[in-house]
Structures are given as structure tokens and as C-alpha cells.
Amino acid sequence: LSFIPFIVFIGFFLFGLAHLYLSHPNEDAYIVLKYVENFVAGHGIVYFAGGPRTEGFVDFLWFLMLSGLVWLGFDVAVAALFLNAVGAGVTAYIFYVALKPSLFSPAAKGVLLGLACMMVLTNQAAIASYDGFSTMLYSAMILYLYWLSLDGSKKSILLIPFISLMVGLIRSDGVVVGVAFCILGGYWAYRTKVLNTYLQISLVCLLLAVFYLFWRYSYFRMLLPLPLYVKMTRGHLEGLKDNIEWLTMAGGPSP
């Protein structure tokens with residue numbers, strides 16, 4: 001079963017290529033890809049060459065990863081697909097590791113892992129990723145955080161602050177997830193007697209986050225993530241009604 005994560009990576013990448021052949025990246029994903037192309041071309045972080053410095057995206061680490069791959073020669077849309085395929089492979093690998101010590105028979109493990117991997121290739125995160133969004137890689141990193149917190153070993157605990165920082169830099173709403181896991185990691189660090197080292201690593205990650213915030217303010221003149229400015233103009237708790245509807249609909253979180 002150890003080869004299945006690699007098959008998921010290849011399958012995800014091929015599905016995405018077929019989708020790109022028939023369609024193209026859309027909505028906010030397209031905007032990020034335009035920023036990447038202009039940045040790699042030397043025009044700065046702008047939507048069009050010669051344009052103003054405007055933060056038209058919130059996936060900063062995603063933007064940097066894409067820029068690195070494009071600089072190496074990747075097509076920008078294929079670069080997005082490749083990173084999301086890595087996320088799909090990591091997700092499948094975590095499923096594989098989780099099932100390995102279970103009491104299921106080898107055949108049952110194969111069926112369960114196969115079903116889980118089918119979900120990886122077809123869930124809403126995957127579908128959005130085929131359109132160019134960072135959702136599969138983002139979801140995989142959150143799942144990895146969850147796995148680290150369950151593992152409980154000293155090595156896993158000490159990775160939590162760093163991965164939490166990455167999650168927060170990939171998407172601004174990831175800050176909430178990252179802080180929650182950092183608090184949980186602090187508890188496990190205390191239990192396993194590595195709290196001092198954990199706090200030192202957390203302090204380094206916090207300083208990196210603060211440096212990013214001040215750099216962003218100096219570059220874009222915006223300290224907070226873009227959605228907080230855009231959506232504040234529509235009233236408080238604007239998305240609450242939409243989220244409640246999603247939680248209660250048949251196609252919501254239950255599947």
C-alpha cells in the first residue's frame with residue numbers, strides 16, 4: 001500500500017492537467033497567477049506591469065512558492081497544480097500511516113485507503129485546486145498539523161509552531177488554525193518536558209510573523225489581511241448567515 005500516495009500525486013496532477021486543457025484558472029486564483037508572472041518578470045508585486053502596489057491576494061506563501069517554480073521554468077498554472085498534487089500526496093500518505101498500525105486486515109486497509117484517496121481526488125478542496133486555488137496544499141498542511149498533535153512525540157511537537165506559521169502565511173484564515181494548534185502543542189510540550197525548547201521555536205516563528213506584517217505594511221500600506229478591509233464595508237459578521245446555511249445543507253460538512 002505504500003505506493004498509493006505516489007499514485008494519488010500522479011492522478012491528481014493528471015486530472016488537473018486535463019482540467020487545464022479544457023478550462024483555465026478562474027476567479028481569485030487567476031489574480032494570484034497574474035501577480036506571480038509579473039513578480040518573476042521583475043515588475044514587483046503588482047497585478048499589471050507599471051501598476052500600483054496593491055495586495056490583491058492573501059496567499060503570500062503560496063505566491064512565493066509559485067514564484068519559485070515559475071522562476072525555475074514552470075508554467076504558472078502547472079506550478080499551482082504541482083503544489084496541490086504534493087498536498088494530495090501528503091494527505092494520502094498521512095492516511096496510509098494512520099491505517100498502518102490498525103487491526104484491519106491488509107485487504108480491508110487497501111479498501112479503506114482506496115476510498116479515502118478517491119475522496120482526496122474528488123472533494124471540494126480538490127475541485128477548487130484544479131481551478132488554481134491553494135486549497136489542496138492548505139488542507140494537507142492542516143491535516144499534517146492535526147497528525148503532529150496526535151503523534152505526540154517530541155520531534156512532532158517541536159514542528160507544530162513552524163507548520164502553524166506556514167499555514168497562516170498560505171491563507172490569512174490559517175492564522176486562527178495555527179494559533180489553536182500552537183496552544184495545543186504548548187500543552188503537549190509541557191507534558192513531554194520540552195516546553196522551553198517549544199517556546200523558543202514559537203518565539204522565532206512569532207518574530208518571523210511580525211517581520212512579515214511590518215514588511216507588508218511598508219510595501220502595501222496595509223497591516224491586516226485584505227479580506228478584513230474588503231468585507232468590513234459590508235457590515236459585521238457578514239458571512240455568518242452563509243456559513244450557517246452551509247453547515248445545515250446536504251452538501252455541507254457531513255459528507
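**Packing, ring pairs and salt bridges in a predicted model**

At 26% relative accessibility, W215 counts as partly exposed, because the partly exposed class runs between the 20% limit for buried and the 50% limit for exposed. The model described here is predicted. W215 belongs to a cluster linked by ring pairs, which also takes in Y35, F39, Y47, F57, F60, F63, Y212, Y219 and F220. In the structure, the count of aromatic pairs comes to 17. In one of these pairs, the ring centres of F60 and W215 are 5.2 Å apart and the planes meet at 50°, so the pair is classed as tilted. F60 is located in helix 3 and W215 in helix 10, so this pair ties together parts that are 155 residues apart in sequence. F60 has a relative accessible area of 11% and is therefore buried.

The search of the whole structure gave 2 salt bridges. In one of them, E55 is joined to R216, with 3.3 Å between the closest N and O atoms. E55 is buried, because its relative accessibility is 6%. R216 is likewise buried, with a relative accessible area of 4%. The other salt bridge is formed by D173 and R171, whose closest N and O atoms are 3.2 Å apart. D173 has a relative accessible area of 37% and is therefore partly exposed. R171, at 25%, is also partly exposed. In general, side chains of opposite charge can pair when their charged atoms come close.

The nonpolar residues were examined next. The largest nonpolar core consists of 58 residues, and those with the most contacts inside this core are V8, F12 and L66. Helix 4 (residues 76–99) supplies the largest share of the core, 11 residues. Beyond its neighbours within four places in sequence, L66 contacts V32, L33, V36, V76, A79, A80 and L83. In soluble globular proteins, nonpolar side chains tend to be buried together.

V70 is a residue of helix 3. With 17% relative accessibility, V70 counts as buried, because the limit for that class is under 20%. When residues up to four places away in sequence are not counted, V70 touches V36, V40 and V76. V36 and V76 are also among the contacts of L66. Between V70 and L121, which are 51 residues apart in sequence, the C-alpha to C-alpha distance is 25 Å.

Nonpolar residues also occur on the surface. A nonpolar patch there is formed by L203, L206, L207, V210, L213, F214, Y217, L223, L224 and Y229, which together have about 900 Å² of accessible area. Helix 10 (residues 195–220) gives the largest share of the patch, 7 residues. V210, a member of the patch, lies in this helix. V210 counts as partly exposed, because its relative accessibility is 34%.

Terms used: Residues are numbered from 1 along each chain as its sequence is written. This is a predicted model: local features need pLDDT of at least 70, side-chain atom pairs count only at pLDDT 80 or more; totals for chains, interfaces and linings use all residues. Side-chain values use heavy atoms; hydrogens and water are left out. A nonpolar core is a set of buried Ala, Val, Leu, Ile, Met, Phe, Trp, Tyr and Cys residues joined through side-chain atoms within 4.5 Å. Buried means under 20% relative accessible area, exposed over 50%, partly exposed in between (1.4 Å probe, protein chains only). Helices (H or I, at least four residues) and strands (E, at least two) are DSSP runs, numbered from the N terminus. Contact means heavy atoms within 4.5 Å. Patches are made of residues with over 30% relative accessible area and no salt bridge: like charges are joined within 9 Å, nonpolar side chains (Val, Leu, Ile, Met, Phe, Trp, Tyr) within 5 Å. Accessible areas come from the Shrake-Rupley method with a 1.4 Å probe; for residues, only the protein chains shown count as cover. A salt bridge is a side-chain nitrogen of Lys or Arg within 4 Å of a carboxyl oxygen of Asp or Glu. Rings of Phe, Tyr and Trp (its six-membered ring) pair if their centres lie within 6.5 Å; planes under 30 degrees apart count as stacked, over 60 as edge-to-face and the rest as tilted.
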